[in-house]
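Biologist: I have the model open and would like to go through a few spots with you. Could you keep it plain?

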Amino acid sequence: MAETFFINPDNPDAQSINRAARTLASGGVAVIPTSGLYGLAADAYNSAAVEKVFALKGRMQEKSLLLLVQNLDEVKTLVDEFGPQAQKLAESFWPGRLTLVLAASKNAPQGLVSPQGGIGVRLVAHPVARALIKALGRPVTGTSANPSGLPAPWDAAQLDAGIRKGADIILDAGALAGGPGSSVVDLCGPLPRLLREGAVSRKAICRALGMDIFPA
């Protein structure tokens, strides 16, 4: 059963953050608050920890996990190019609920690179998540803390019993904003593709890119 730490969402205490960072560094999995939902965080460079996340969710390995990062410099080490379209979207929506899929560099955790060579990254907004990534010193996985196919929790009290039992630590920051997960835009090809419309609307993304509609 995961150990639970109640944490201030706006000013997270260093003791709880460091305890969670040590858990991740040793291969554990943490339930953490992200922008609107609780997520499962593991050290993205620890393949055994990443496999534990897949197992907790009952998720197919073919469906890659995205990464949460704390700053833009960290993103640029993970991808081959952070081009003008990525820059526009980052300026408009980061930190926040938009995931960008970009061509992965050799520095990216290869177990999280899609068969097409892309990796999903998001500059997370929640102070607790940002503090944890900073304390760990590496990106973490950012998938929602629910078994695949079930609703994602916006409050730690909603966590599935299996997730609660299988995770190593829970950072409980109270109720979050809820709503849909992040929108996902693929920028690996010549034209941007909207893979999922979530918290950021299609219209807002098009406007930021200077487009009328997404290509079919």
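Biologist: Leaving aside its neighbours within four places in sequence, which residues is L209 in contact with?

Modeller: Leaving those neighbours aside, L209 is in contact with Q85, K88, L89, P192 and F214, where contact means heavy atoms within 4.5 Å. Before we go on, this is a predicted model, in which local features need pLDDT of at least 70 and side-chain atom pairs count only at pLDDT 80 or more, while totals for chains, interfaces and linings use all residues. Residues are numbered from 1 along each chain as its sequence is written, and side-chain values use heavy atoms, with hydrogens and water left out.

Biologist: Is L209 buried or exposed, and where does it sit?

Modeller: L209 is buried, at a relative accessible area of 8%, with buried meaning under 20%, exposed over 50% and partly exposed in between (1.4 Å probe, protein chains only). Its place is in helix 7, residues 202-209; helices (H or I, at least four residues) and strands (E, at least two) are DSSP runs numbered from the N terminus.

Biologist: Switching to cysteines, how many disulfides does the structure hold?

Modeller: The structure holds 0 disulfides, a disulfide being a pair of cysteine sulfur atoms within 2.5 Å.

Biologist: Now pockets, what volume does the largest pocket have?

Modeller: The largest pocket has a volume of about 980 Å³. On a 1 Å grid over the protein atoms alone, a pocket is an open set of points where a 1.4 Å probe fits, with protein on both sides within 12 Å along at least five of seven lines, and lining residues have an atom within 4 Å of a point. Grid points are joined across faces, edges and corners, and a volume is the space filled by probe spheres set on the points.

Biologist: Which residues lie nearest its centre, and what classes make up the lining?

Modeller: Of the 42 lining residues, R59, S64, L66, V184 and R196 lie nearest the centre of the largest pocket. The lining divides into 14 nonpolar, 19 polar and 9 charged residues, where Ala, Val, Leu, Ile, Met, Phe, Trp, Tyr, Cys and Pro count as nonpolar, Asp, Glu, Lys and Arg as charged, and the others, Gly among them, as polar. Strand 6 gives the largest share of that lining, 4 residues.

Biologist: And what lines the second largest pocket?

Modeller: The second largest pocket, with a volume of about 160 Å³, is lined by E81, G83, P84, Q85, A86, L102, A103, L187 and C188. Helix 4 supplies the largest share of this lining, 3 residues.
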